[in-house]
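Welcome, and thanks for opening the viewer. Please load the structure, colour the chains separately, and follow along one selection at a time.

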Amino acid sequence: MRWQTIEALTKVKGVIVAEDSGMETPAFSSHSTARRVLKGCMKNTSMLTELCTTLNIHYSDMMQEILRFTRQTAADDRRLPADPTELGLLPVEGFAQLEIPVADFQETDRFQIHRARCTGTKAFRNGGPRNDWVWVQTGGEANYGDLRERVVARLLALFKIRNILSEAGAVHRLALVCILDPVNSGRFHIASGHIRVGRGVNGRDMRIVSIGAVIGQAKVIPSGESQWIVNHRIDLPTFNEIY
Amino acid sequence: MRNLGHCISAVLASALRNPDSSQYHDFKSALKSVSWLVDFSLMAQYRSHTPDTLSYMERYLQTFHRTKDIFLKFRTSKATCTRADRQDQELRELMADQRAKDVHHRTVANRCRQADQERVERSDRRANLIRRENHFNFIKMHYVTHVASHVRGFGSISMYSTAIGELAHKD
């Protein structure tokens, strides 16, 4: 992680991303808030089918989740088309890294940059594939107990999709994540003093979220089969948010 | 300690996740003790404090001191080990002498029962000696009791960190 001040973060050239929506604004304007940056553009991922092939994801699952995401967004000219055929023709760019600025504890003008990697099935630096764990803000969908409206998820894909069919030509910056369900409704385990998360038994676990909903890297430690312990003592911000 | 503290609690929780009935209490104490110490360590890194955070810190430390005895047996020095071995040997010889005197008047079952009792007694005496000799009276353990009063008197301890100076001496 690298320390950066808010001034340094605002000097980053290139795309401008609205913090809450993850949508790129085509106009040139100064944006003073810290923003997430997608990096490491993948080759041969110009359409959704190619992206799914590269990342070894079922195209039907991806399409289903994008359509669900589209239905949940506001109906305006920036919205993605609800027709799967039109959606499949939109230009896409896949990425391998998401830089997330996380405000430092008790220092509101300093940020730690969390670099969440998502290489799909490809090796990361001559090692195995790397698909990092992240925190996803759910925004009141469920309370999740002591996790306080946030869930642990594994990054499966990071991509940008441009809606060329609309006049605005808005770019949506999205992440496909595999969400883990909190065990015991997200309450602390009495004996160990930690929150546990695990794979859902019946419900859908893959979701498309805007990169604005990814609020930082999560640290989990495997604990038995398909269960993980959330390490909330990894840093001061996490320690103060989960207690 | 700082980097270890970031992960030790969760790693320990994962490693000790399946205790049997005899281990449950010990594992729970060990986890609690480590967690309270890590919480204290994290809270000591705050850049500013309130009376509430200081009272939390003191409570964490008190709870750590109450539960830390679970690690006492791992602080046995070589001298204590030697003394315990010597005591064990002396007891064994004493018991063997007593057994030799009245061996003809006892049945096999009685002898087995007596051997078991002797083993338990030796083990208890060894544990008592180790508990009596081991302690946490060393300077680092004492210093942490002054952190809260130091913060009240001089402010947050992070500005007294020697990490930057130590880093400058690295080759």
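## A four-stranded sheet in chain A

Start in chain A, where an open sheet of four strands runs in the order β10-β11-β15-β14, with antiparallel pairing. Keep in mind that you are looking at a predicted model. Now pick out the edges: β10 (181-182) and β14 (220-222) of chain A each have a single partner strand, so one side of each is left without a neighbour in the sheet.

Next, select β10(A) together with β11 (residues 195-198) of chain A; these antiparallel strands are joined by two bridges. To find your place in the pair, show A:Asp181, which stands opposite A:Gly198 in β11(A).

## Where chain B comes in

Stay with the sheet and bring chain B into view. Which strands of chain A does α1(B) lie across? Select β14 and β15 (227-230) of chain A: α1(B) lies across both, running at about 25 degrees to β14(A).

Now widen the selection to the whole contact, which takes 18 residues from chain B and 15 residues from chain A. On the chain B side, the elements giving two or more residues are α1 (2-15) and α2 (24-44). Of the elements on that side, α1(B) gives the most, with seven residues.

## Two helices in chain B

Move on to α2(B) and helix α3 (residues 51-67) of chain B, which pack with their axes 8 Å apart at an angle of about 150 degrees. That angle makes α2(B) roughly antiparallel to α3(B), because anything over 145 degrees counts as such. The crossing of the two helices, α2(B) and α3(B), is left-handed.

Show side chains here. Among the α2(B) residues that meet α3(B) are B:Trp36, B:Leu37 and B:Phe40, and the α3(B) residues include B:Tyr56, B:Tyr60 and B:Phe64. By class, this contact of α2(B) with α3(B) has ten nonpolar, five polar and two charged residues.

Zoom out to see all of chain B. Its domain assignment gives domain 1 (1-74 + 137-171) and domain 2 (77-133). Taken over C-alpha atoms, the centres of domain 1 and domain 2 of chain B are 39 Å apart.

## Back to chain A: strand β7

For the last stop, select β7 (residues 133-137) of chain A. Five bridges join β7(A) to the antiparallel strand β8 (residues 150-162) of chain A, and A:Gln137 stands opposite A:Arg150 in β8(A). β7(A) also pairs in the antiparallel sense with β13 (residues 214-217) of chain A, over three bridges. There, A:Val134 has A:Gln217 of β13(A) as its bridge partner.

Methods:
Residues numbered from 1 in each chain as written. Chains lettered and ligands numbered in written order. Predicted model: local features only at pLDDT ≥ 70, side-chain atom pairs only at ≥ 80, totals over all residues. Pairing = 2+ DSSP bridges. Contact = placed C-beta atoms within 7 Å. Domains from an automatic or database assignment. Axes fitted to C-alpha atoms, helices over the stretch in contact; angles between N-to-C directions. Parallel < 35°, antiparallel > 145°, perpendicular 65-115°, else oblique. Left-handed = near helix turned anticlockwise from the far one by under 90°. Nonpolar A, V, L, I, M, F, W, Y, C, P; charged D, E, K, R; others polar.
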